[in-house]
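Subject: Structure handover

Hi,

Here is the structure for your set. My notes on it follow below.

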Amino acid sequence: MTLATEATLLKQHLIDPEVCIRCNTCEATCPVGAVTHDANNYVVDPEKCNFCLDCIAPCPTGSIDNWRVVARAKSYSVNEQFGWNELPKQDDLGDDAAAAVQAVEDEVEKLLASAHAGTGGKAVAPLSASKPAINLYRRDKAAAAAVQGNFRITAAGTESDIRHIVLSFGATQFPVLEGQSIGIVPPGVQANGKPHDIRLYSVASARDGEKRNGNNVGLTIKRVQNGVGSNYMCDLKVGDKVQATGPFGATFLMPNDANANVVMICTGTGSAPFRAFTERRRRAAPGAPGKFVLFFGARTPEELPYFGPLQKVPNAILEKHLVFSRISGADKEYVQDRVRKRADDVAALLASAQTHIYICGLKGMENGVEESLADVCRKHGLDWSKLKPDMRAQGRFHVETY
Amino acid sequence: MTQTTSNMSASPAGAVDYTTKIPNNVNLASDNRVLKALEQWHPGYIDWWKTMGPEGFQTSDVYLRTAVSIDPKGWAKFDYVKMPEYRWGILLAPEDGERRVNFGAHKGEKAWNEVPGEYRAMLRRLVVIQGDTEPASVEQQRFLGKTAPSLYDMRNLFQINVEEGRHLWAMVYLLHKYFGKDGREEADGLLQRRSGDVDKPRMLGAFNEETPDWLSLFMFTFFTDRDGKMQLESLAQSGFDPMSRTCRFMLTEEAHHMFVGETGVGRTIERTCEAMKAAGIEDPFDLPRIRALGVIDLPTIQKKANLHYSLSLDLFGSEVSTNAANFYNAGLKGRFMETKIEDDHLLTGATYPVLKYIDGQIRTVDEPALTAINMRLRDDYSKDCQGGVSRWNRIIEKAGIKFALTLPNVAFNRAIGEFKSIEASPEGKLLTAEQWMQARDQWLPSKADGDYIASLMQPCWERGKFANWIAAPKIGIDNKGGDFEYVKVHRG
């Protein structure tokens, strides 16, 4: 985001009057008094909203989660919004608008907001992160990619069918950073006749490609029973063409600073961005002093994606904690259990201003992991409730769950 | 915090302790008496849920939100859950050490954390009445899953059901914690009464009525749960702080119930208008042609609204009530948004206009504001209802159909209060008993209307599909796409 666009464009938070039921939950929740109402509508004051997103989860209708990119000088005033019976359309502001936000398309924006909600506030990119390109391709202007490979990376016969899929963009420029996502548009329509929703997948390869300078990306995708997107992707054959959008995401990025410590906590396909981070570190700065630590949970080694290749990554590059919850004869162990076991090391990392924490996986893991971090803090005289907002504001705490 | 502890209720404000059988943020682990009492009550509750909860879906995986903490980020975590395994917890809004009693004779005193001895019986009554409505509505709705018009709607129903269950827990906690032996007996009683039971009915009339179809459910959640919202909001004003904190958190959940009602009726209207337009029908009263399309005609929707609105008005009790005055004066139950009202919050000399039946006429009379507390809450309720009705009318207007839904006069079809012994039309015109009997079916759902609606209640459980009589929602729950499998019916 350039300063110029930040100064002139605003991503304005709006409430859809056709969906809102005027229950007052948002107004009661907003910590800065930005939500107000008259007899007709509940509205957000653009002068007061600080994008903390506290109002999003409690809203029972989803009407709260609407955004329009506007010229800052022409933002919709509270009085203007009071008079609405429906939301205005997004004005076409040209390419500049794309730079002001993570993604202009509402549907993608919602997916990202939901994925990052666990960060607990406005997500901020690490200070030393590279500047990402965003939103170069959209649903109505998608990039064609060709499938270069589709490999199962969990053992055959296990319940989890997780695949590493490589897409090549050929001559099309599609620059990505580790931690960003790309959108896939599954072909066909839903039962209601509308096109399928866009699916977001984290890039699992380094910025210079799955293969160095290959202009391709790797994705980690789990087949979900009856899942439209995942089955479409997992069934792809080499040579098949795919419509891709993006790249998306401007905060869940890795620090470039060689002194930065990176603690990565994941389960299942949440490992995708961390594979990318690790690969980048290996290629760009293998001897860097900053520590890379991975806590990675699965039911069994056979169901842990990339189990084999991970074994080959030297400990000097990546400290690995692979934990399993379904090994017969052994106690169940989840990533949060290992974080607690390694409390001394984790506390030392948390105490360092160089440390960045990333959590990625299913929504269900968030709370357990956060509680374990809070426990580690308590044990070592730190206060997670204070540390977390500080780390977040400094771009050192990131959550991406789905 | 320097102390190391495994007791998570000592963790940052809002976090929920999952180490006890009953998730809570009230430090149950250190309150052995209450913990034991609740653990003894728990099996009876599960038993009640399994016999009186949603029939036929106890092993289905339902995409539900569970509150894992009370802060905005934590109280809506979505995942698949089998309903009997839902974590019904005891969650109170955060304590504000500075909070005061904001109205009545004790105005200005520090809010109470224990029950004042002289108000014990009154408070217990308030808690029990509120508590009794929660399991009642689960009982009323237990057969609806089978005719759900979509997996989306089925999920919403079950979400409401588990949250009503949680609200019962909230009230039972107050009974066990603050009302000793009497409280325990009342808590047991909440599991013994049954909606519609001849011998052991639920305490309030509307909660003994049937919920025979989905339109009734939507009307019930719009009108009757909105009474719940008003009551909870007034109780959230209570000088008894645990009551206030309990109700404040319940209100956030109640909003979802309003949502299901308002959008449920709205989607029914939308589908009807859409089908009428597609068939070129302009007259909303052309019932044979409209019903041939398999949608619910607007006049019948009006009748349903008349019924549920009038039943819900009865829940507010007598317009003029010394009980209500006593509750207010004692600082136990305030007015809607009490702290936002600009007056002395004592109401000793104030008056409030009340609609009464005097000398054969419906007239407005100024009554002492203290005894007119119920009336005022009911007026606030009607205003809130009118907002939703206007939004429904916008859907009809947008479709270009000449019809508008209205709220009937408060004298229409009443069984409690000033108008219980008279008959009036929806416009408020007084009628003889004979006139009423003749016209009743024009204004309230008739047997034939009920049969027609019942004929439409065919299950539609295919992902992303909706029954013909109802439109798809504009957005999914938790931002899920149109074909999301909200309930995995056949699994497990």
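Pro247(A) sits in strand β10 of chain A. Helices (H or I, at least four residues) and strands (E, at least two) are DSSP runs, numbered from the N terminus. A cis peptide bond links Gly246(A) to Pro247(A), with omega at about -5°.

This is a predicted model: local features need pLDDT of at least 70, side-chain atom pairs count only at pLDDT 80 or more, and totals for chains, interfaces and linings use all residues. Residues are numbered from 1 along each chain as its sequence is written, while chains are lettered from A and ligands numbered from 1 in the order in which they are written.

β10 belongs to an open sheet of six strands in chain A, with the order β8-β7-β10-β5-β6-β9 and antiparallel pairing. Two strands pair if DSSP finds at least two bridges between them. β8 (199-202) and β9 (216-222) of chain A are the edge strands, and each pairs on one side only. On average, neighbouring strands of this sheet are turned by 40° against each other, direction ignored. Axes here are lines fitted to C-alpha atoms, for helices over the stretch in contact, and angles run from 0 to 180 degrees between N-to-C directions.

Strand β5 (residues 143-152) of chain A is joined to β10 (residues 241-248) of chain A by four bridges, and the two run antiparallel. Opposite Ala143(A) stands Ala244(A) in β10(A).

**Two asparagines with positive phi**

Asn215(A) is not a glycine, yet has a positive phi of about 45°. Its place is the loop between β8 and β9 of chain A. Asn226(A), also not a glycine, has a positive phi of about 70°. That residue is in the loop between β9 and α6 (228-234) of chain A.

Are they buried or exposed? Asn215(A) is partly exposed, because 18 other C-beta atoms lie within 10 Å. Asn226(A) is exposed, with 11. The cut-offs: buried means 20 or more other C-beta atoms within 10 Å of the residue's own, exposed 12 or fewer, partly exposed in between, with C-beta atoms placed from the backbone.

**Chain A as a whole**

Chain A has twelve helices and 15 strands. Of its 402 residues, 47% are buried. The C-alpha trace spans about 65 × 55 × 40 Å along its principal axes.

The domain assignment (automatic or from a database) gives domain 1 (3-101), domain 2 (143-248) and domain 3 (261-401) of chain A. The C-alpha centres of domain 2 and domain 3 of chain A are 25 Å apart. Their contact takes 18 residues from domain 2 and 15 residues from domain 3; contact means C-beta atoms, placed from the backbone, within 7 Å. On the domain 2 side, β9(A) gives the most, with four residues.

**Chain B**

The contact between the chains takes 32 residues from chain B and 34 residues from chain A. On the chain B side, the largest share, six residues, comes from α6(B).

Ile401(B) lies in the loop between α10 (373-398) and β5 (423-424) of chain B. Leaving aside neighbours within four places in sequence, Ile401(B) is in contact with Cys273(B), Met276(B), Pro284(B) and Ile396(B). Ile401(B) is partly exposed, with 19 other C-beta atoms within 10 Å.

Best wishes

Conventions. Contact = placed C-beta atoms within 7 Å.
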